[in-house]
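Work through the exercises below with the sequence and the structure in view. Each task is followed by a solution in steps.

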Amino acid sequence: METAIESAAAIAGEDFSRVAMTEEAAELLRLLWQRHGPLMFHQSGGCCDGSSPMCFPDGDFKTGDSDILLGVFTLPDADGGPLGTLDFWMSREQFEYWKHTKLTIDVVPGRGSGFSVEAPEGKRFLIRSEIIEFPTE
């Protein structure tokens with residue numbers, strides 16, 4: 001699996017990426033951006049489809065104190081210029097389990113949750129994780 005885009009750090013005091021995405025995920029996101037406008041991800045860690053990253057029009061999922069912003073992507077357009085930014089949020093409870101992992105957003109054939117904007121496309125986003133040592137001070 002080759003990552004195409006790394007997120008910018010979003011957690012105070014960190015200067016490294018916790019989230020990346022594959023080129024296939026970026027291609028699907030460009031298509032969805034054209035249809036829905038700016039987008040965001042939320043990873044709840046719930047059961048079933050709740051454990052998949054959910055993609056929403058930006059602001060349609062209300063985040064709060066129970067969520068943490070893990071990364072901010074600058075999504076490129078088809079020509080490599082900036083299309084816009086895309087936030088990746090996770091529930092704080094889920095972050096406690098995954099805080100030692102690097103997450104990569106990927107896309108596979110299949111139908112995901114009806115709440116995530118990619119559902120009608122016959123594809124679904126998923127998270128691939130890798131346990132890694134993050135830099136410490």
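**Exercise 1.** Decide whether Arg92 counts as buried, partly exposed or exposed, and find what it is in contact with.

Solution. Step 1: buried means under 20% relative accessible area, exposed over 50%, and partly exposed in between, with a 1.4 Å probe and protein chains only. Arg92 has 44% relative accessibility, so it counts as partly exposed.
Step 1: Arg92 is in helix H2, residues 92-98. Helices (H or I, at least four residues) and strands (E, at least two) are DSSP runs, numbered from the N terminus.
Step 2: list the contacts, meaning heavy atoms within 4.5 Å. Leaving aside neighbours within four places in sequence, Arg92 is in contact with Asp65, Ser66, Asp67 and Ile68. The C-alpha atoms of Arg92 and Asp67 are separated by 5.0 Å, although the two residues are 25 apart along the chain.

Before the next task, note that this is a predicted model: local features need pLDDT of at least 70, side-chain atom pairs count only at pLDDT 80 or more, and totals for chains, interfaces and linings use all residues. Residues are numbered from 1 along each chain as its sequence is written, and side-chain values use heavy atoms, with hydrogens and water left out.

**Exercise 2.** Find the backbone oxygens that lie close enough to the side chain of Ser17 for a polar contact.

Solution. Step 1: a polar contact is a pair of N or O atoms within 3.5 Å; within protein, one must be able to donate a hydrogen and the other to accept it, and residues adjacent in sequence count only if both atoms are side-chain atoms.
Step 1: Ser17 lies in the loop between strand S2 (8-9) and S3. Its relative accessibility is 14%, so Ser17 counts as buried.
Step 2: a polar atom of the Ser17 side chain lies 3.2 Å from the backbone oxygen of Ser7. For the backbone oxygen of Val19, the distance to a polar atom of that side chain is 2.8 Å.

**Exercise 3.** Work out the strand order of the five-stranded open sheet and say which strands stand at the edges.

Solution. Step 1: two strands pair if DSSP finds at least two bridges between them. The order is S2-S6-S7-S4-S5, with mixed pairing.
Step 1: S2 and strand S5 (54-57) are at the edges, each with a single partner strand, so one side of each has no neighbour in the sheet.
Step 2: turn to S7 (residues 82-91), which runs parallel to S4 (residues 39-43) and is joined to it by four bridges. In this pairing Phe41 stands opposite Phe88, and Gln43 stands opposite Met90.
Step 3: S6 (residues 67-76) and S7 run antiparallel and are joined by nine bridges. Here Gly71 stands opposite Phe88. The two strands form a hairpin with five residues between them, and Gly80 in the turn has a positive phi of about 95°.

**Exercise 4.** Check the length of helix H1 and list its buried residues.

Solution. Step 1: the expected span of a helix is 1.5 Å times one less than its number of residues. H1 (residues 23-36) has 14 residues and should therefore span 20 Å; its end C-alpha atoms are 20 Å apart, which agrees.
Step 1: the buried residues of H1 are Ala25, Ala26, Leu28, Leu29, Arg30, Leu32 and Trp33.
Step 2: Leu29 is in contact with Met21, Leu39, Phe41, Cys55, Leu75, Leu86 and Phe125, leaving aside neighbours within four places in sequence.
Step 3: just after H1, Gly37 takes a positive phi of about 85°.

**Exercise 5.** Describe the aromatic pair of Phe41 and Phe125.

Solution. Step 1: rings of Phe, Tyr and Trp (its six-membered ring) pair if their centres lie within 6.5 Å; planes under 30 degrees apart count as stacked, over 60 as edge-to-face and the rest as tilted. The whole structure holds three aromatic pairs.
Step 1: Phe41 and Phe125 are edge-to-face, 5.0 Å centre to centre with 85° between the planes. Phe41 lies in strand S4 and Phe125 in strand S9, so the pair ties together parts 84 residues apart in sequence.
Step 2: both Phe41 and Phe125 are buried. Ring pairs link Phe41, Phe88 and Phe125 into a cluster.
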